[in-house]
Amino acid sequence: MAELPGISDAAAGDTRAAGLGSGRSGLIARSELVAALERAATTHRVTIVAAPAGSGKTSLLHGWAAGADQERPIASIQVRAGQRDPQQFWLTLLAAIQRAAGNDPESRVTTPDFDGYAMVERILSELAEFATPVFLVIDDLHELSGTDALEQLTHLLTNLPEHVHAIVAARRDPPLRLHKMRLAGQLAEIRGAQLRFSVDETRQFLAAAGISLSGNAIAALHERTEGWAAGLRLAALSLAEHPDPERFVAEFSGSDRTVAEYLIAEMLERQPARVQDMLLRTALLDQVNGELADLLTESAGSEKLLLELEDANAFVLAIDPERTWFRYHHMFSGLLRLESRRVMPERIPGLHRLAASWLAAHGQVLEAIAHLQAAGEWGWAAELLTDHALSLTLDGRAATVQALLQAFPVHVDGSQPELAVVHAISALDSMHLGAAAAHLELARKHAAATPAERQQTVWTSITSLELLLARLRGNFDDVIEQVGSLPAAIAGESNADLAVSGDLRALALLNLGVTESWSLRLADSARHLREGAALAHSIGRPYLEVACRAQLAFASTTSSLVVAGQRGAEAIALAEQHGWQDQPVIAPALATLAGTMIWTGEFDRGEIWLERAMHVTRAGSEPGLALFIHLIAGMLHAGRGQLHRALEEFDLANTVQASMAGRHALASRVFGGVIATQARLGRIGDARTTVNALPERLAGASEIRTALAVVSLHEQYPHTARTQLRAVLDGAAPVTHDVTLVEAHLVDALASHAQGDHRAALTALDRGLDLAEPERLILPFAVTGAWRLLETLPPQRTSHAALIADILDAVRGGAPASLPTTTPAAALSRSELRLLRYLPTNLTRPEIASALSVSVNTVNTHIRSIYAKLGVTDRSGAVRRARELRLLSSGRTTSLT
């Protein structure tokens, strides 16, 4: 077997053999990569290995040759640096082939009438004489210049005998016309990406070199070098003697002396002057395109240069499929920035300003601000950050906003009143409400010092943020009052003369909608949240849209629990599209979805959604939401009969209410939960103490009156209980949701039963069932214990067979429900009864399937069975027949529109 030519290690940075090879100290065998080359070389006529300088191409060839069959002939050459003489190239290749055949190379001298194509035919003839497969290896082909030699080499490679395989290695794709071989499947290609070291290979390489680093340091070194073999070798040389290896890795970059020397010699100085100038001027950019490079170089044609550099594997990488945006290898970028500071320091601030202007005009605000800061343009940077801090925060870039804030020097931060607005946005995002208030006060105090053309923007920002602050503090009355002071465009009115950012308007609509939700002004809330979601969608603010839609789910609960559940699911699905399924923004939808399931007796499923809501709700979240989640948790435990745990959650909700600056409209339900649960636990004294401590404005609420009736009932005063319920049942006390009214009728039924008035008890129970039927409200029956009355209810007295089956199933933990004797001879199954209650609605079959968590095929099967058992042929006939058989309520039909 012919040996591959030796590689000189004379240059400190020349690591062509780095990380590969044949057992030499500090090297590792990259068996998978060598195997990949072996597969390519033996199954394809030609294999191209193209990768940047120092990628380990030559090392790969050595590793492959060392592991090859010793009897396999290999003819290999390495093109000399700056090889311009094609005659010398061909003579060297011919000599290598003759040695591979076991012959002494002919002594040949160069002649002025050398015929390259005749030499190619001679070489093809020599190769044809091999009796076994033979391999040609040409390394560093990029050093060969001259179109004649490359055209002759193309002729050789495209006419190789079948038993001959060629491997060509170069720093760039060689200009050989091999496209027909590629189409014919005769060409294999190994690129720089395949030659990069993996993290595990980096670990092995350092261990072989006797260098010990932590896992984090190894990962950091791999990330900085991007798996570049030469970079790793150069780092290892320095690490071997460094007193603090971990610190060295943290600081290692292309500006390291050994790396800089290598890259300058191997890359930068090899480029024409114009290319060097472009590289140095654009080095300050994280990514560049042709237009931006033209601006910084004050010339045209930069995109062509960038494309050529990428094609040449010159540490320039395209980052988009269209190859319009590029970045420099991390190590090369570090070297270029070092060189630009050395050779053109006076131009750097101006380059930053030019880049900032272009980036800001093209919507790349973060990058523009960073360049302005680098140029010392602090006032301009502050204005740009103020204008975009809210949108950046809403896009989930709060940490970046905070980092940009910290980059301002202290003296600049204090002299820029607009930055106080940005500080307030950052503090509000992290729920540091006291700090936010202080920053807003400072911004308001110094707003007059801002330029006249910017004062409207600053005042609008301050007002909108103060609205958010009031909402987060739970000061809902202040929010409603402040809405009137907002500019007309934010309040939703028309004012063509006022230019207000869409972000601020959408945020104001969200704040107003949330406040109205927690004030139970749900119709207004739903309207503003729909407007906010639509606006957020139109201006491309998905985070704001998710926030509006998540809160819209709760605002829909009074119109329909089915609708509320659907809107919650839609908000969650939208959040998941953006990876926000674990973010606090989705908590209102999760909690609402949990609530709808708990209200309808699906305790286990509701608990799953509730746990998700608790998981995504961070400590110190807005009080209105925290109160709602504790309330839902209390209802879940109460429905399961876990009264001690229910009371804990109601108490926590009460504690949240006490911390709020205003009153949450659900406070009456919270207090009612506390009082009723204390009574059911037999703690009558505690219940009376809670009643005596009630704020006067809550005393007449329906939830409180119902809870007082529960206390009287447990004190064995059923008559007093019924008296306390009269205002609720007669409509004198306002009721916000049928849940409260159902609960009041059930407590009245229990009180009547305790009095021995069974007729009144059955009447109250039927009224409760009538109200519960459209929304399938099961929770009140479980919490009050009125479900026990259902077990004694004469079948002929009710038209709610399916609902009763669901109630008893829920409280028994899944036990089958008894069907009323009024069902047809072909009785409906429990699943069919559950589906039957959806037929009076205008839900489609897919929507019914979603509500029941079954497939559409299952729904279709059940509906066909229901039609057959009821003797009907369509949906309306099924509803009519079911009501005749008292399987459905004869009451209202639920509308979802």
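Analyst: In the classes used here, Ala, Val, Leu, Ile, Met, Phe, Trp, Tyr, Cys and Pro count as nonpolar, Asp, Glu, Lys and Arg as charged, and the others, Gly among them, as polar. The model is a predicted one. On that basis, the lining of the largest cavity is made up of 11 nonpolar, five polar and four charged residues.

The volume of the largest cavity is about 270 Å³. Its lining has 20 residues, and those closest to the centre are Arg 669, Gly 672, Gly 673, Glu 743 and Val 783. By the definition above, Arg and Glu fall in the charged class, Gly in the polar class and Val in the nonpolar class.

Five helices each supply at least two residues of this lining: H33 (623-639), H35 (667-680), H37 (702-714), H39 (738-755) and H41 (779-784). Helix H35 contributes the most, with six residues. In total, the model has three cavities of 30 Å³ or more.

Next, the open space. The largest pocket holds about 950 Å³. It is lined by 45 residues, and Gly 601, Phe 603, Asp 809, Ala 810 and Val 811 are the closest to its centre. By class, the pocket lining has 20 nonpolar, 13 polar and 12 charged residues.

The largest nonpolar core contains 210 residues, and Leu 263, Leu 385, Ile 586 and Phe 781 have the most contacts inside it. Helix H33 gives 11 residues to this core, the most of any, and H33 is also among the helices that supply the cavity lining. Beyond its neighbours within four places in sequence, Phe 781 is in contact with Val 742, Leu 746, Leu 765, Gly 768, Leu 769, Ala 772, Ala 786, Trp 787, Leu 790 and Ile 807. In soluble globular proteins, nonpolar side chains tend to be buried together.

As for the whole chain, the secondary structure amounts to 47 helices and eight strands. The chain has 897 residues, of which 55% count as buried. Of the contacts between residues at least 6 apart in sequence, 67% join residues at least 24 apart. The accessible surface is about 37,900 Å², and carbon and sulfur atoms account for 50% of that area.

Terms used. Residues numbered from 1 in each chain as written. Predicted model: local features only at pLDDT ≥ 70, side-chain atom pairs only at ≥ 80, totals over all residues. Heavy atoms only, no water. 1 Å grid on protein atoms, 1.4 Å probe; cavity = no way out; pocket = protein on both sides within 12 Å on 5 of 7 lines; lining within 4 Å. Points joined across faces, edges and corners; volume = space filled by probe spheres on them. Helix = DSSP H or I, 4+ residues; strand = E, 2+ residues; numbered from the N terminus. Buried < 20%, exposed > 50% of the residue type's maximum accessible area, 1.4 Å probe, protein only. Contact = heavy atoms within 4.5 Å. Areas by Shrake-Rupley, 256 points an atom, 1.4 Å probe, with all protein chains shown as cover. Core = buried A, V, L, I, M, F, W, Y, C linked by side-chain atoms within 4.5 Å.
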